[in-house]
Each structure stands twice: as structure tokens, then as C-alpha cells.
Amino acid sequence: MCGIVGILGTAPVAESIVEALKRLEYRGYDSAGIATLEGGHLTRRRAEGKLKNLELRLSEAPLEGVIGIGHTRWATHGRPSEANAHPHASDRLAVVHNGIIENFRELREELKGKSYTFTTETDTEVVAHLVSAEMRKGLDPVDAVAAALPRLKGAFALAFLFEGVEDLLIGARQGPPLAVGWGADEMYLGSDALALAPFTDVITYLEDGDWVVLRPGRAEFHDEHGNIVERVKQRTVAGALLVERGNHRHFMAKEIHEQPEVVARTLAHYLDMLQGKVRLPFEFPFDPNALDRITITACGTAYYAALTAKYWFERFARLPVEVDVASEFRYREAPLPERGLMIVVSQSGETADTRASLHYARTQKQHILSVVNVPSSTIARESHIVAPTLAGPEIGVASTKALTCQLAVLACLALAVGRARGKLSAEEEFRLVNELILLPGLMADVLNHEATIEQIAHSFAKVQSVLYLGRGTNYPLALEGALKLKEISYIHAEGYAAGELKHGPIALIDEVMPVVVIAPSDRALEKTVSNVQEVAARGGRIILIGDARAAQEAAVDLSGFVEMPAMAPDFAAIVYALPVQLLAYHAAVFMGKDVDQPRNLAKSVTVE
Ligand code: F6R
């Protein structure tokens with residue numbers, strides 16, 4: 001949440017900072033700003049709303065400085081407004097911040113006592129004044145930052161720019177990610193490698209607690225105790241990854257349509273397609289036979305991937321699985337089995353609650369396996385084993401292709417653990433792997449039905465609420481369908497296990513509220529069909545996502561039918577995810593919503 005960037009350049013940097021901020025806009029987009037030095041003096045431009053407002057401001061009043069910092073905001077403290085937009089400035093410096101300063105009230109009172117006045121509602125302004133207060137004591141900028149950082153509690157990535165100092169940027173990291181980019185003549189700071197990809201592919205990531213002093217052509221890294229430390233330079237592939245919409249109207253549409261390809265790529269990484277076997281790109285550093293259970297944690301859509309995986313690990317590996325949302329898990333102090341396996345699932349690899357759960361699991365001596373989409377992310381670096389999803393950058397704030405790739409990886413892991421534990425025969429493995437291999441083709445087939453799905457989605461535009469029902473692995477998908485619709489169309493939606501219908505939600509059924517039933521031909525079909533009939537008997541409006549057999553067995557009038565190709569049921573949820581995503585997408589587009597940047601959301605949730 002919030003994207004930060006800094007450039008120590010050789011030519012005016014404002015345009016490049018805007019370019020980097022565009023790549024960070026997924027992290028927040030309620031205001032943006034830039035500060036540079038012109039003739040040694042700090043000059044700022046800030047604007048409420050999307051980055052294009054800042055661009056407009058810059059076109060009216062350009063910034064000429066060759067060193068600068070920039071920010072795109074997801075508000076935590078203080079409403080989105082120009083006054084609260086970063087960079088925040090004190091008399092001698094400007095700062096941009098991603099995260100939360102937890103002790104800002106206390107520091108604010110202290111600084112007011114030193115005659116600092118506060119002009120914003122943000123927590124960040126204290127950082128600017130705190131460093132300024134150290135400089136007033138006579139410290140130079142580097143020593144002032146070194147003195148101020150230990151006083152900050154909370155989570156932060158920071159970039160500082162100093163009045164009158166044309167050759168210095170300072171970055172600091174405690175929690176949210178921060179990377180240094182090495183250019184030919186220029187030095188960069190950015191929240192991720194993707195932001196810096198137009199300028200360089202040589203990156204050094206700050207470790208937690210690090211701060212860095214950037215001067216032309218060099219970077220001096222300090223650890224949390226102030227010791228000078230070495231941090232490795234790495235080449236990233238971020239530059240090679242396209243972050244263009246192509247012919248699609250939105251990133252979300254592009255990412256939905258990429259799924260056959262990226263799921264195929266991900267599966268190829270974990271399967272031996274010729275032999276029909278799972279072939280993991282790593283060895284387990286533990287004996288799967290010694291496991292008593294698995295714990296999985298994640299947030300949001302990734303949590304629904306984890307819930308789905310529970311069914312697979314339990315069925316194929318005969319292992320009990322506990323799944324919890326990371327924001328709960330981190331505080332539960334759950335007892336974990338000696339040297340157990342903890343799986344964390346995260347697209348960004350930066351989600352604060354998921355990271356904190358990982359840290360807890362480490363204190364409990366768990367083996368940590370992370371399923372992440374950003375291989376250079378903090379969660380990946382803090383794990384013992386990384387199982388990458390090869391979805392490529394996901395820019396749309398609503399997760400789509402990351403989910404199906406997470407599911408593909410988790411399915412392969414469940415089969416691998418099942419085989420290793422002797423719970424899955426070679427023949428079953430062969431059968432299941434062949435089902436996995438068919439998924440990308442089935443997904444491509446579903447995308448051909450988009451026009452029908454779009455028609456149905458238009459009928460959502462006037463409703464207050466939508467109910468999603470599913471059983472087994474399609475129960476988490478019902479939850480995901482409801483989440484997807486809520487977050488981009490702002491229509492209230494709920495997901496339920498279909499069997500729970502008669503325990504309460506059936507009271508909601510009327511002739512207006514659509515009930516989306518996810519019903520592949522699996523062993524629960526008969527039961528799901530009974531639920532469909534219960535809804536029909538009460539005059540409910542049913543939208544069935546199922547194959548021809550499901551429609552035939554339901555034998556009721558449907559308000560909408562998304563006909564799915566026939567397929568084996570085990571991993572059908574991976575294919576059924578697509579119509580669920582498309583329903584939300586087309587409902588939101590029809591309603592004129594900003595699907596790639598829905599209100600109040602941000603893609604990378606690096607604060608609690
Ligand atoms: C929903 C969505 C979020 C994320 C959640 C976890 O469309 O994108 O619910 O799934 O914030 O994010 P990651 O996977 O980055 O940990």
C-alpha cells in the first residue's frame with residue numbers, strides 16, 4: 001500500500017518518477033506527489049485522486065530538478081486530499097512513506113513542544129519533523145536519519161530528499177519492501193523492481209531494518225544497528241515482463257484472458273507432462289511421512305485458494321489441514337506440531353498479516369513453504385521453500401490469474417505430498433496429472449462463452465445483493481465469487497456452502513436477488529441440484545454455472561445458464577473460477593466502475 005520512488009539523476013527526473021509511479025499505482029491511487037530540488041530548494045507538486053491529476057499539475061507547472069522522490073498513496077491516516085498527499089516536508093527535507101508510524105501521536109506531541117506545526121492529518125509528517133529536529137541539533141542528513149529511525153515504531157519504507165543537497169537520497173525499510181536500482185549514471189529507490197524496470201534491471205533489496213545512503217554511482221547499506229553491511233546486487237526479470245493492457249480494455253480483462261497460458265506455464269513447472277507425474281522443482285527439506293498436519297494461511301483471494309487446497313491435501317495426501325486468515329492466525333498463538341509444515345499463499349509476497357503469520361510459524365519451528373507470485377518478495381525470501389506461481393505481474397487490483405495459478409501449484413503440491421506419503425498410487429497420480437494437463441484447454445473453451453456471461457452480468461446492475469453457492473472445492477469459489485463482485489462492482493454479495501442454505505440464507509430468497517450456483521458434475525451434484533430446486537420453489541432467480549448434465553438434472557427455469565464443458569471434477573474449481581471472475585468483471589464494467597482500481601482498495605496490503 002502506497003508506492004514510493006526516488007531518483008538521483010543526471011537530467012530532470014519528474015517524468016521518470018511519474019513513469020515509475022504509474023507502475024506502482026496498483027499500490028494505492030487516492031493522491032500522488034513529487035518533490036525535487038530546484039536550485040537546491042525543495043519544490044513539490046501534489047494532487048488528490050489518480051496519477052493523471054498529478055500529471056496535469058506537472059504539465060501546468062513542471063518540475064526541473066535532477067533529483068527527486070515520488071509517492072502514490074493509499075490513505076491510512078487522514079483522508080485523501082492534496083494536503084495529506086506525500087511528499088511531506090519540513091524545513092530541511094521532504095519524505096515519502098509507505099506504512100504506518102504507530103507512535104506518531106506521541107511524537108507529534110513531542111515535536112509540537114519543539115515549535116513544529118503540523119499541516120496534515122498524516123502519521124508521516126512526524127518523520128519529516130523528527131529528522132529536521134535532529135538536523136537542528138547540528139547533525140548532517142545521514143546522522144539525522146540514523147538518529148531518527150530508531151524512534152519510529154511501526155512499519156515503513158521511507159525515502160528522504162534534503163534541501164540544498166543535490167547528491168543524496170536516503171531510503172529506509174522496516175516491513176514494507178524497498179529496492180535500490182543501479183543505473184548507468186543514475187541511482188534509484190523503489191517499492192518494487194517493477195517500478196524501476198524502465199530504468200534498470202540491477203536491483204538490491206533492503207533487508208528488514210536496513211537503511212541506505214545513495215550517492216551518485218554508489219549505495220552504502222546499514223543494518224538496523226547502523227553497521228555498514230553488504231547487500232547483493234541481483235538481475236531481475238521485471239523489465240522483461242510486460243505491464244501493458246494490450247488490446248484489452250482493462251488489466252483485469254487481460255489477466256482473466258491470460259489464464260490458460262499462465263496456468264499452463266505454471267503446471268509445466270511442476271509436472272512431468274510426458275510421464276504424467278508431478279515433478280517438483282525442489283526437494284522437501286522434511287519427510288512428508290513425518291507430518292501430522294499442515295497449516296495454511298493467507299488473506300483474501302489467496303485465502304480462498306488455501307481453503308480449496310485443504311480439500312486436496314486431505315483427499316490426496318490424507319493429511320489434516322488447518323486454514324485460517326492471516327489476520328486472525330497471527331494473533332491466535334495456535335499450537336503447531338513440532339517441525340510441522342506451514343504453507344503461506346500470497347500473490348504479492350508482501351502482505352503484512354501473512355508475513356506476520358510466517359514469522360509466528362518460524363518461532364514455532366515450522367518448515368515454511370510459500371506459494372508466491374513475486375519471487376523476489378519478502379515472503380519468498382523469508383521462506384525455506386518457494387513454490388512460485390508463474391502468473392506474471394498482476395496489475396488489476398482484483399486478483400484473477402494469481403488465484404488460478406495458486407490453485408495449480410497447490411494441486412501439484414497436494415499430489416506430490418500424497419505420493420510421498422504413499423497415499424496416492426502411481427495410477428491415481430497419472431490420472432490426476434492428466435486432469436491437470438487438460439485444464440488450460442478447458443479454460444480457453446470457457447473464455448469462448450464470454451458473451452453469455454456478459455449478458456447475465458448486465459442483469460446484476462440493478463440488484464442490491466447476490467448469493468453464491470457451491471459445495472466442496474466450489475464452496476471457496478462461491479466465497480471468491482462474492483468477494484470479486486463486491487470489490488469491483490460494490491454490489492453486496494455473499495458466498496455460502498450450498499448445504500448451509502437452509503440454515504439461514506434461504507430467508508433472503510426472492511424474485512430479485514440472483515443466486516449463482518456453481519455446480520460441476522461431481523459427487524455433490526445431486527445435493528447441489530436439491531438446493532437449486534429449493535431456491536426455485538421459492539421463486540428465486542437462479543444462475544447456474546454447470547455443464548449440460550447439471551442443467552438437465554436441475555430441471556428448473558433458469559434466469560441464466562453458463563454452460564461449461566464437461567470435465568473431471570477434481571480440479572474443476574480452477575476452470576469454474578473463470579466465469580465467476582467474468583461475471584464480476586462485466587457487471588462492474590456495465591455499471592461504469594473502475595475495475596482495475598476499485599475504490600478504497602490497493603493491491604499490496606503492507607499494513608495491518
Ligand atoms: C482480492 C484480492 C485480495 C488479495 C489479498 C491478499 O481480489 O486481490 O483479497 O488476495 O489482499 O494479497 P496477496 O495475495 O498479495 O497476499
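How many residues surround the ligand, and which are the closest?

Guide: Before the details, please keep in mind that this is a predicted model, in which local features need pLDDT of at least 70 and side-chain atom pairs count only at pLDDT 80 or more, while totals for chains, interfaces and linings use all residues. Residues are numbered from 1 along each chain as its sequence is written, and side-chain values use heavy atoms, with hydrogens and water left out.

The ligand is surrounded by 15 residues, where a residue counts as near if one of its heavy atoms lies within 4 Å of the molecule, and the closest are Ser-346, Gln-347, Ser-348, Thr-351 and Glu-487. Two helices, α9 (300–317) and α16 (474–489), each supply at least two residues of this shell; helices here are DSSP runs of H or I with at least four residues, numbered from the N terminus.

Turning to polar contacts, which are pairs of N or O atoms within 3.5 Å, we find an N or O atom in the side chain of Glu-487 at 2.5 Å from an oxygen atom of the ligand. The backbone takes part as well, with a polar backbone atom of Thr-301 lying 3.1 Å from a ligand oxygen atom, and a backbone N or O atom of Val-397 lying 3.4 Å from an oxygen atom of the ligand. On its own the ligand has 410 Å² of accessible area, and the protein covers 89% of that, as computed by the Shrake-Rupley method with a 1.4 Å probe.

Definitions and conventions:
Polar contact = N/O pair within 3.5 Å; in protein donor to acceptor, adjacent residues only side chain to side chain.
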